[in-house]
Amino acid sequence: MDNFLEEKRLFFCTVCKTSFFTYNFYISHMRIHWGMDIFVCDVCKGSYSQINYLISHMKIHRAR
Ligand SMILES: [Zn+2]
Ligand SMILES: [Zn+2]
């Protein structure tokens, strides 16, 4: 049963079509294209171009 690769989620760069096994690699790569730092929510993986946006966003996760 060598099916462990099955359903493996890949992240594809929409710019150069490179694929990545992890979201972190994907984000690191996308910074090359975007030419700026982006801020990623650890909870839902949403990405934001400004730290203020991420901080505002994180409030929804901490609402409980
Ligand atoms: Zn790319
Ligand atoms: Zn989030």
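# Exercises on a predicted chain

From the N terminus on, the elements run β-β-α-β-β-α. The model is predicted: local features need pLDDT of at least 70, side-chain atom pairs count only at pLDDT 80 or more, and totals for chains, interfaces and linings use all residues. Residues are numbered from 1 along each chain as its sequence is written, while chains are lettered from A and ligands numbered from 1 in the order in which they are written.

**Exercise 1.** State how many helices and strands the chain has.

Solution. Helices are DSSP runs of H or I with at least four residues, and strands are runs of E with at least two, numbered from the N terminus. The chain has 2 helices and 4 strands.

**Exercise 2.** Compare the span of helix 1 with its expected span.

Solution. Helix 1 covers residues 23-34, which is 12 residues. The expected span is 1.5 Å times one less than the number of residues. For helix 1 this is 16 Å, and the reach from first to last C-alpha, 16 Å, is close to it. Just after helix 1, glycine 35 has a positive phi of about 65°.

**Exercise 3.** Classify histidine 29 as buried, partly exposed or exposed, and list its contacts.

Solution. Histidine 29 belongs to helix 1. A residue is buried with 20 or more other C-beta atoms within 10 Å of its own, exposed with 12 or fewer, and partly exposed in between; C-beta atoms are placed from the backbone. Histidine 29 has 17, so it is partly exposed. Contact requires such C-beta atoms within 7 Å. Leaving out residues up to four places away in sequence, histidine 29 touches Cys13, Thr18 and Phe20. Between histidine 29 and threonine 18, 11 residues apart in sequence, the C-alpha to C-alpha distance is 9.1 Å.

Definitions and conventions:
Two residues are in contact if their C-beta atoms, placed from the backbone, lie within 7 Å.
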